[in-house]
Amino acid sequence: LLEKHLGTLKNKNALEIGLGKMSKIALEYLQDKELHKVYITNRSKRKSNDFANIFPFTTGIDFEDRYI
């Protein structure tokens, strides 16, 4: 659906807010799309760090900074 509306995702940035089951599925999909940066954030910093370890192509940011 993303590629249908945006064309290629190559060299684009993405922000994943919240890190539940659907976020994990989305990140599994995005890891092969050659995005420039994928930022992740969650109210729990620990969960952001856990996801960053699982998905090394992501960069964790503080929840309070998600719209900067």
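Let's start with Ser23 and what it touches: not counting residues up to four places away in sequence, Ser23 touches Glu16, Ile17 and Gly18, where contact means heavy atoms within 4.5 Å. This is a predicted model, so local features need pLDDT of at least 70, side-chain atom pairs count only at pLDDT 80 or more, and totals for chains, interfaces and linings use all residues. Residues are numbered from 1 along each chain as its sequence is written, and side-chain values use heavy atoms, with hydrogens and water left out.

Ser23 sits in helix α2. Helices (H or I, at least four residues) and strands (E, at least two) are DSSP runs, numbered from the N terminus. Is Ser23 buried or exposed? Ser23 is buried, because its relative accessibility is 8%; buried means under 20% relative accessible area, exposed over 50%, and partly exposed in between, with a 1.4 Å probe and protein chains only.

Next, the core. The largest nonpolar core has nine residues, among them Leu9, Leu30 and Phe55. Such a core is a set of buried Ala, Val, Leu, Ile, Met, Phe, Trp, Tyr and Cys residues joined through side-chain atoms within 4.5 Å. Leaving aside neighbours within four places in sequence, Leu30 contacts Leu2, Leu9, Leu35 and Phe57.

Last, the rings. Phe51, Phe55 and Phe57 make up one aromatic cluster. Rings of Phe, Tyr and Trp (its six-membered ring) pair if their centres lie within 6.5 Å; planes under 30 degrees apart are stacked, over 60 edge-to-face, the rest tilted. Phe55 is buried at 3% relative accessible area, while Phe57 is partly exposed at 28%.
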